[in-house]
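Student: I have a structure open and would like to go through it with you. Can we start with the chains and then go down to single residues?

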Amino acid sequence: MSTVFIALQTNEDTRPIIEAIAHDNPQAVVHRQPAMVKIDAPNRLVIRRESIEERLGREYDLQELQINLITLSGHVDEDEDAFTLTWNS
Amino acid sequence: MEMKVAKKKLGLKERYRVMTRDLGWEPSYHTKEALYPYVGYEGIKIHDWEKWEDPFRLTMDAYWKYQAEKERKFYAIVDAHAQNNGHLNLTDARYLSALKIFLQAISPGEYAAHKGFARAGREFPGVGTQVACQMQAIDEIRHAQTQIHALSNYNKYYDGFHAFSDQRDRIWYTSVPRSFFDDAMSAGPFEFMVAIGFSFEYVLTNLLFVPFMSGAAYNGDMATVTFGFSAQSDEARHMTLGLECIKFLLEQDPANVPIVQAWFDKWFWRGFRVLGLVSTMMDYMLPKRVMSWREAWNMYGIENGTALFNDLARYGIRPPKGWDDAEKAIDHMSHQFMLGLYQWSFGTSFHSWIPSDDEMAWLSKKYPTTFDKYYRPRWDHIKKLAAAGTPYKNYGLPKLCQTCQLPTVFTEPEDPTLICHREVEYKGERYHFCSDGCQHIFENEPEKYIQAWLPMPQIHQDPIRGDLGAWMDWVNLKDGQDNGDYVGSNDQRNFDAWRGLATSNE
Amino acid sequence: MAVAALKEYVGVSRDRVENYHGKQLVYVAWDYHMLFAAPFMFCVEPQMKLGDLVRGPLSALMQPDPDAASIDWSKVEWLKLGKPWTPDFERSIEENGIGHKEQLRFRTPGLNTLRDAA
Ligand SMILES: [Fe+2]
Ligand SMILES: [Fe+2]
């Protein structure tokens with residue numbers, strides 16, 4: 001098992017995103033550090049557009065993640081609906 | 001009721017194809033070999049460039065849109081910082097030393113990365129790769145510019161920021177990142193990609209930007225947090241591309257595996273030596289600390305590195321050669337390096353200081369097996385010398401490592417009380433190293449490293465010829481202002497006075 | 001191993017002895033005395049008496065260490081190329097066979113105060 005993670009800036013844009021990630025990835029652990037939030041998960045983490053849109057109340061393009069992204073770990077696969085991080089191990 | 005209009009937009013994958021692959025063309029009046037002359041000599045075999053894909057599927061139109069948004073956010077905060085005397089919100093002006101090192105040593109590396117990727121974008125034949133390299137080239141120049149711009153606000157008030165480019169070229173502690181980038185940029189395009197994508201982006205930038213920038217936030221420096229996180233959002237994309245590029249090389253031909261492994265071995269160690277500087281910034285220069293260098297290494301080095309190596313094991317890749325020696329050094333390196341910076345502080349364009357009792361207590365808590373045993377006695381003795389009115393300065397110029405160019409301050413992997421001595425004779429001339437890792441790198445390409453411009457031996461050659469005052473002029477260092485102990489410095493006096501004015505009505 | 005290159009690749013060392021105008025570099029390290037973060041570098045004339053280097057600039061740099069005053073140079077153990085070696089202080093650097101960029105090390109058994117402090 002390896003840890004994938006994503007770190008986002010702490011701000012108003014990311015609050016609903018972090019909520020959506022925590023909801024969609026029950027195994028994920030959210031660490032709050034000064035000015036940033038780091039979310040760890042075993043082997044796989046999925047960020048879903050629909051879950052973010054539900055919380056934001058507007059359409060959301062997953063590429064908007066770029067703006068508040070700090071770092072990540074794992075192989076990335078991105079399409080319109082989901083942004084997925086995985087390790088093969 | 002409003003009808004939902006069907007999206008006419010292209011899907012992400014479709015758009016990526018149109019905006020990358022469809023921009024390429026087949027040459028008609030030149031051969032491919034003539035167009036891309038540097039793509040073969042490193043021995044890497046590529047059979048199908050089409051297999052290379054950006055996992056973010058980022059296209060230029062989207063790239064400009066999001067980068068513009070990042071810049072707006074960045075300048076909103078930098079402007080607010082300048083308008084509100086943000087420099088007085090710092091926990092303590094000692095923290096500025098970390099920023100000075102950053103500006104002199106790291107920001108020029110961003111510019112070097114920009115040049116390297118502009119070149120790589122021209123030298124690689126695949127269109128997807130070309131587009132990704134061009135984006136990265138633009139990212140890197142943005143990083144250099146935003147960092148210099150943000151830190152220029154400090155230059156208005158404090159010493160040591162004014163001559164970062166001279167110091168990048170000429171001073172001694174910057175030669176470790178400088179030589180790192182010179183080494184990468186003078187290698188072939190594939191080695192450059194592995195050097196930067198794997199070592200700099202994947203191993204280094206997480207350790208540099210993430211805990212360090214979080215530390216900047218903790219120390220009240222919002223300008224730095226902003227450029228740090230803004231840059232790191234690009235680095236997240238870069239490390240993903242770097243990883244993708246490595247996978248691509250490993251999948252294209254089994255003959256690529258040993259070449260990539262040798263680059264992993266080399267660049268892991270080169271990156272690790274650059275981290276020597278970062279470790280002191282984390283353990284000694286942040287007045288309020290988020291995590292120790294050891295804790296950061298556990299999170300971003302061991303955990304994240306192991307995840308990568310386990311993942312790549314299916315191609316036959318093993319952890320880099322210096323991995324075990326690195327682990328043995330983690331609990332020592334920041335202390336060994338900081339003791340060096342302190343005793344040679346007459347030659348640094350930043351201030352250092354003897355850690356306070358509180359800080360030493362923190363260090364012994366974070367380094368329970370090493371700090372009290374090895375390093376506290378030295379700091380205590382240095383404290384005694386200062387109290388006796390004979391503050392410790394070591395005017396003995398140090399021996400440097402021919403490969404990483406750092407003073408050879410590091411110890412034997414099995415004996416932290418003994419400096420590691422390594423020496424090789426090549427074509428009748430002696431060369432010295434700080435470690436087995438640096439010696440191996442030299443032995444693999446001696447003709448490259450014998451050319452190293454080592455700042456200390458150079459002091460005794462023309463035009464300086466051993467004159468320390470002339471050297472200070474040449475590196476643009478004002479004695480008694482930019483260098484030396486923080487206690488009694490202009491920075492200390494000014495910060496205390498201005499902060500006093502800001503918090504009272506006197 | 002050779003540098004991967006498109007044509008013959010030849011490097012030139014920047015620290016050759018010719019660049020030092022008749023002088024040479026010598027490195028000296030006091031083993032187990034880590035108050036000094038790295039070996040000392042000296043740029044000296046090869047005709048200089050080794051004893052003058054040791055009792056002059058080397059001793060001056062060693063002063064901050066608590067053991068400096070107690071050193072008996074006749075009891076010091078020397079290493080050259082990592083192997084035991086006996087210097088002759090009355091002869092020159094050159095006559096002692098100390099080449100350009102040579103690393104000398106010495107040890108002072110029983111005199112390692114800061115190492116043994118913890
Ligand atoms: Fe960058
Ligand atoms: Fe080295």
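Tutor: One definition to begin with: contact means heavy atoms within 4.5 Å. Also keep in mind that this is a predicted model.

Student: Fine. Of the 2 pairs of chains in contact, which share the most contacts?

Tutor: Chains B and C share the most.

Student: And how far apart are the closest C-alpha atoms of chain A and chain C?

Tutor: They lie 31 Å apart, and no contact joins chain A and chain C.

Student: Let's take chain C. What is its pattern along the sequence?

Tutor: Read along the sequence, chain C goes β-β-α-β-β-β. That comes to 1 helix and 5 strands.

Student: What radius of gyration does chain C have, against a compact globule of 118 residues?

Tutor: Chain C has 17 Å, whereas a compact globule of 118 residues would have a value near 13 Å. Along the principal axes, the C-alpha trace of chain C spans about 55 × 35 × 25 Å.

Student: How much of chain C is buried?

Tutor: Buried residues are 55% of the 118 residues in chain C. The accessible surface of chain C is about 5800 Å², and carbon and sulfur atoms account for 51% of that surface.

Student: How many positive and negative side chains in chain C?

Tutor: There are 14 positive and 16 negative side chains in chain C, with the centres of the two sets 5 Å apart.

Student: Now chain B. How many helices and strands?

Tutor: Chain B has 19 helices and 4 strands.

Student: Which share of the 506 residues in chain B is buried?

Tutor: Buried residues make up 64% of chain B. Among contacts in chain B with a separation of 6 or more, 79% come from residues 24 or more positions apart.

Student: Buried or exposed?

Tutor: Glu447(B) is buried: its relative accessible area is 10%, and buried means under 20%.

Student: What is Glu447(B) in contact with, leaving aside neighbours within four places in sequence?

Tutor: In chain B, Glu447(B) is in contact with Tyr426(B) and Lys427(B). Across in chain C, Glu447(B) is in contact with Val3(C), Tyr9(C), Val10(C) and Gly11(C).

Student: Which atom of Gly11(C) lies 2.6 Å from a polar atom of the Glu447(B) side chain?

Tutor: The backbone nitrogen of Gly11(C).

Student: Another one in chain B: where is Arg94(B), and what does Arg94(B) touch?

Tutor: Arg94(B) is in the loop between α3 (60-83) and α4 (96-123) of chain B. Not counting residues up to four places away in sequence, Arg94(B) touches Met285(B), Pro287(B), Trp353(B), Glu359(B) and Tyr486(B). With a relative accessible area of 16%, Arg94(B) counts as buried.

Student: Switching to backbone geometry. What should I have in mind as background?

Tutor: Most residues other than glycine have a negative phi, and most peptide bonds are trans.

Student: Then which peptide bond is cis?

Tutor: One is the bond from Asp462(B) to Pro463(B), with omega near 0 degrees. Pro463(B) is in the loop between α17 (455-459) and α18 (468-474) of chain B. Arg465(B) is also placed in the loop between α17 and α18, and Arg465(B) has a positive phi of about 50 degrees although not a glycine.

Student: And in chain C, what is the phi of His21(C)?

Tutor: His21(C), not a glycine, has a positive phi of about 50 degrees. His21(C) is in the segment before β1 (24-30) of chain C, and at 40% relative accessibility His21(C) is partly exposed.

Student: Last, chain A. Which residues in helix α2 are buried?

Tutor: In α2 of chain A, residues 49-56, the buried ones include Arg49(A), Ser51(A), Ile52(A) and Glu53(A). The buried residues of α2(A) pack against α1 (14-24) and β4 (44-48) of chain A. Just after α2(A), Gly57(A) has a positive phi of about 75 degrees.

Methods: Residues are numbered from 1 along each chain as its sequence is written. Chains are lettered from A and ligands numbered from 1 in the order in which they are written. This is a predicted model: local features need pLDDT of at least 70, side-chain atom pairs count only at pLDDT 80 or more; totals for chains, interfaces and linings use all residues. Side-chain values use heavy atoms; hydrogens and water are left out. Helices (H or I, at least four residues) and strands (E, at least two) are DSSP runs, numbered from the N terminus. The radius of gyration is taken over C-alpha atoms; the globule rule is 2.2 Å times the number of residues to the power 0.38. Buried means under 20% relative accessible area, exposed over 50%, partly exposed in between (1.4 Å probe, protein chains only). Accessible areas come from the Shrake-Rupley method with a 1.4 Å probe; for residues, only the protein chains shown count as cover. Lys and Arg count as positive and Asp and Glu as negative; His and the chain ends are not counted. The place of a charge is taken as NZ of Lys, CZ of Arg, CG of Asp or CD of Glu. A polar contact is a pair of N or O atoms within 3.5 Å; within protein, one must be able to donate a hydrogen and the other to accept it, and residues adjacent in sequence count only if both atoms are side-chain atoms.
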